[in-house]
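User: Hi! I would like to learn how to read the features of a protein model, one at a time. Could you walk me through this one?

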Amino acid sequence: MPQHMTLPNGLRIVVETTPTAVVNCGIVVSAGTRHEETADSGMAHFMEHMSFKGTEHRRSHHIARYLESVGGDLNAFTTKQETVFCATVLQEDFRRAVDLLCDVVFHSVYPQQEIDKEVEVICDEIESYHDSPSELIFDEFESLLFEGQPLGRDILGQPERLHQYTTADARRWADRHYQPRNCVFYAVGNITLQQVTHALQHHTK
């Protein structure tokens with residue numbers, strides 16, 4: 001049965017201990033498409049991309065290699081309800097995963113030069129998605145079902161708005177949503193709630 005607790009800074013923790021050599025863990029940010037204002041179209045997904053482009057402690061290439069160097073995996077995805085940053089590592093590398101996840105979520109700096117490059121990547125993703133009718137039809141259905149509501153908005157956003165985003169926009173979104181009180185840290189593996197709590201207290205003060 002999963003165990004849970006809440007740190008003084010509001011970060012919620014959920015841990016399920018299982019007899020495996022691998023730990024799956026991540027940070028779930030309660031910031032998806034439904035939390036966007038009309039002027040923030042695509043911001044949740046945009047922030048998922050930009051969180052890997054540099055932090056107060058790491059450049060983007062350091063982020064990419066930090067878990068790969070020990071055979072781990074780092075990933076993220078955005079839904080209409082949340083943005084999830086997740087990692088899979090061996091048990092002995094769990095603290096490394098906590099270090100990196102907390103860094104990209106709570107200490108990203110969103111440099112403008114990286115924004116200008118990454119927006120083109122997202123626009124390519126939008127074009128690719130539009131070439132997949134079997135997936136696109138679900139967005140079309142939700143746009144009709146939730147017409148005029150945030151849940152009806154496309155997760156990927158619109159290219160013309162994405163090209164307008166700046167570092168200030170990213171920091172404004174992070175200040176509002178990327179805070180411990182708005183997040184849940186989860187871990188599944190041969191690890192205890194006490195171990196997870198101790199690791200997080202060091203990184204999320």
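Analyst: Happy to! Helices and strands here are DSSP runs, numbered from the N terminus, and a helix needs at least four residues. Keep in mind that this is a predicted model.

User: Let's start with charged pairs. How many salt bridges does a search of the whole structure find?

Analyst: The idea is to look for a side-chain nitrogen of Lys or Arg within 4 Å of a carboxyl oxygen of Asp or Glu. Searching the whole structure this way gives 7 salt bridges. A local case sits in helix H4 (residues 112-130), where Glu 114 and Lys 117 are 3 residues apart, about one turn of the helix. Their side chains form a salt bridge with an N to O distance of 3.5 Å.

User: Are Glu 114 and Lys 117 buried or exposed?

Analyst: For that, compare the relative accessible area with two cut-offs: buried is under 20% and exposed is over 50%. Glu 114 has 16%, so this residue is buried. Lys 117, at 51% relative accessibility, counts as exposed.

User: Which parts does the pair of Arg 153 and Glu 36 tie together?

Analyst: Arg 153 and Glu 36 form a salt bridge at 3.6 Å, N to O. Arg 153 is in the loop between helix H5 (133-145) and helix H6 (159-162), while Glu 36 is in the loop between strand S3 (22-29) and helix H1 (43-50), so the bridge links parts 117 residues apart in sequence. Arg 153 counts as buried at 15% relative accessibility, and Glu 36 is buried too, at 3%.

User: What about Arg 172 and Asp 40: how far apart in sequence are the parts they tie together?

Analyst: Their side chains meet in a salt bridge of 3.3 Å, N to O. Arg 172 belongs to helix H7 (residues 167-177) and Asp 40 to the loop between S3 and H1, so the parts joined are 132 residues apart in sequence. Arg 172 is partly exposed at 39% relative accessibility, whereas Asp 40 is buried at 4%.

User: On to strands. Which strands pair with S3?

Analyst: To read a sheet, follow the bridges and the sense of each pairing. S3 runs antiparallel to strand S5 (residues 83-90), and 8 bridges join them. Within that pairing, Cys 25 has Ala 87 in S5 as its bridge partner. S3 also pairs with strand S6 (residues 183-189) in the antiparallel sense, over 6 bridges; there, Val 28 is partnered by Val 184. As for burial, 6 of the 8 residues of S3 are buried, so the strand is largely enclosed by the rest of the structure.

User: And the nonpolar core: which residues touch the most other members?

Analyst: In soluble globular proteins, nonpolar side chains tend to be buried together. The largest nonpolar core in this model has 53 residues, and Phe 46, Phe 94 and Phe 185 touch the most other members. Helix H3 (residues 94-106) gives the largest share of this core, 9 residues. Leaving aside residues up to four places away in sequence, Phe 46 touches Ile 115, Val 119, Ile 122, Leu 162, Tyr 165 and Ala 170.

User: How do the axes of H3 and helix H8 cross?

Analyst: Look at the distance, the angle and the handedness. The axes of H3 and H8 (residues 193-203) come within 10 Å and cross at roughly 40°, and the crossing is right-handed. Among the residues that meet there are Phe 94 and Val 98 in H3, with Val 196 and Leu 200 among those in H8.

Note on methods. Residues are numbered from 1 along each chain as its sequence is written. This is a predicted model: local features need pLDDT of at least 70, side-chain atom pairs count only at pLDDT 80 or more; totals for chains, interfaces and linings use all residues. Side-chain values use heavy atoms; hydrogens and water are left out. Helices (H or I, at least four residues) and strands (E, at least two) are DSSP runs, numbered from the N terminus. Buried means under 20% relative accessible area, exposed over 50%, partly exposed in between (1.4 Å probe, protein chains only). Two strands pair if DSSP finds at least two bridges between them. A nonpolar core is a set of buried Ala, Val, Leu, Ile, Met, Phe, Trp, Tyr and Cys residues joined through side-chain atoms within 4.5 Å. Contact means heavy atoms within 4.5 Å. Axes are lines fitted to C-alpha atoms, for helices over the stretch in contact, and angles run from 0 to 180 degrees between N-to-C directions. A crossing is left-handed if the near helix is turned anticlockwise from the far one by less than a right angle, and right-handed if clockwise.
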